[in-house]
Amino acid sequence: MKRVAILISGGGSNMLALVRDMVGDHPPRPVLVASNVPHAAGLARATELGIATAAVDHRNFASDRAAFEAELMAQIMAARPDIICLAGFMRVLTPAFVAPFAGRMINIHPSLLPKYPGLHTHRRALDAGDTVAGCSVHEVTAELDAGPILGQAQVPILPADTADSLSARVLVQEHRLYPAVLRRFASGDRRPIAL
Ligand code: GRF
């Protein structure tokens, strides 16, 4: 049984999609939901589902990113995960954090990487006049939003779209893509999925 830890910063809708899919014959099981935001709504949802949670407030560590990551990693390691899924986790992780989980940490990003790494992806796609947007699941490496792609889903950009309407349309696909990628990734298959 593959033990999966999920890191969130907010509502955790992607975390819920992953948890809801980790049932039945599908081997992974969620063993921890952790956040850098103590009152992240996703932590309460995880608790309701009987999943252990942890919170490490990055604001308690001021500018000491290494100390924050050391505490977060200690709490994660206590759950003995085989795989870490970043799901709406909004802190940039240093190479020191990623190293112990190289090849075993994945992330969902709301753009068709390598386009638009970083923030405000939907706004940037609209400003560029793109006609297609989407989301990507990738392996987490030392470079932000740049690891090998494990899956992508596309959505059309409509003339009347705003960043909010586009974000909502992409989020629906995130909730389809991430569980599908985790199933395949947990079985040791790294071939990319195109939805
Ligand atoms: C989503 O836009 C997702 O693409 C990004 O974080 C946002 C919130 O995700 N990674 P969630 O609802 O907290 O899973």
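Colleague: How far is the backbone of Ile108 from a nitrogen atom of the ligand?

Modeller: A backbone N or O atom of Ile108 lies 3.4 Å from that nitrogen; a polar contact here is a pair of N or O atoms within 3.5 Å. Keep in mind that this is a predicted model, where local features need pLDDT of at least 70, side-chain atom pairs count only at pLDDT 80 or more, and totals for chains, interfaces and linings use all residues. Residues are numbered from 1 along each chain as its sequence is written, and side-chain values use heavy atoms, with hydrogens and water left out.

Colleague: OK. And which atoms of Asn14 and Glu174 come up against ligand oxygens?

Modeller: For Asn14 a backbone N or O atom lies 2.8 Å from an oxygen atom of the ligand. For Glu174 a polar side-chain atom lies 2.7 Å from a ligand oxygen.

Colleague: Who else is around the ligand?

Modeller: The surrounding residues (a heavy atom within 4 Å) include Gly11, Gly12, Ser13, Gly88, Pro110 and Leu171. The shell divides into three nonpolar, five polar and one charged, with Gly counted as polar and Glu as charged.

Colleague: Why does the ligand lie between the domains?

Modeller: Because domain 1 (1–101) and domain 2 (107–195) both give residues to its shell. Those bounds come from an automatic or database domain assignment.

Colleague: Switching topic: where is the cis peptide bond?

Modeller: From Leu113 to Pro114, with omega near 10°.

Technical notes:
Polar contact = N/O pair within 3.5 Å; in protein donor to acceptor, adjacent residues only side chain to side chain.
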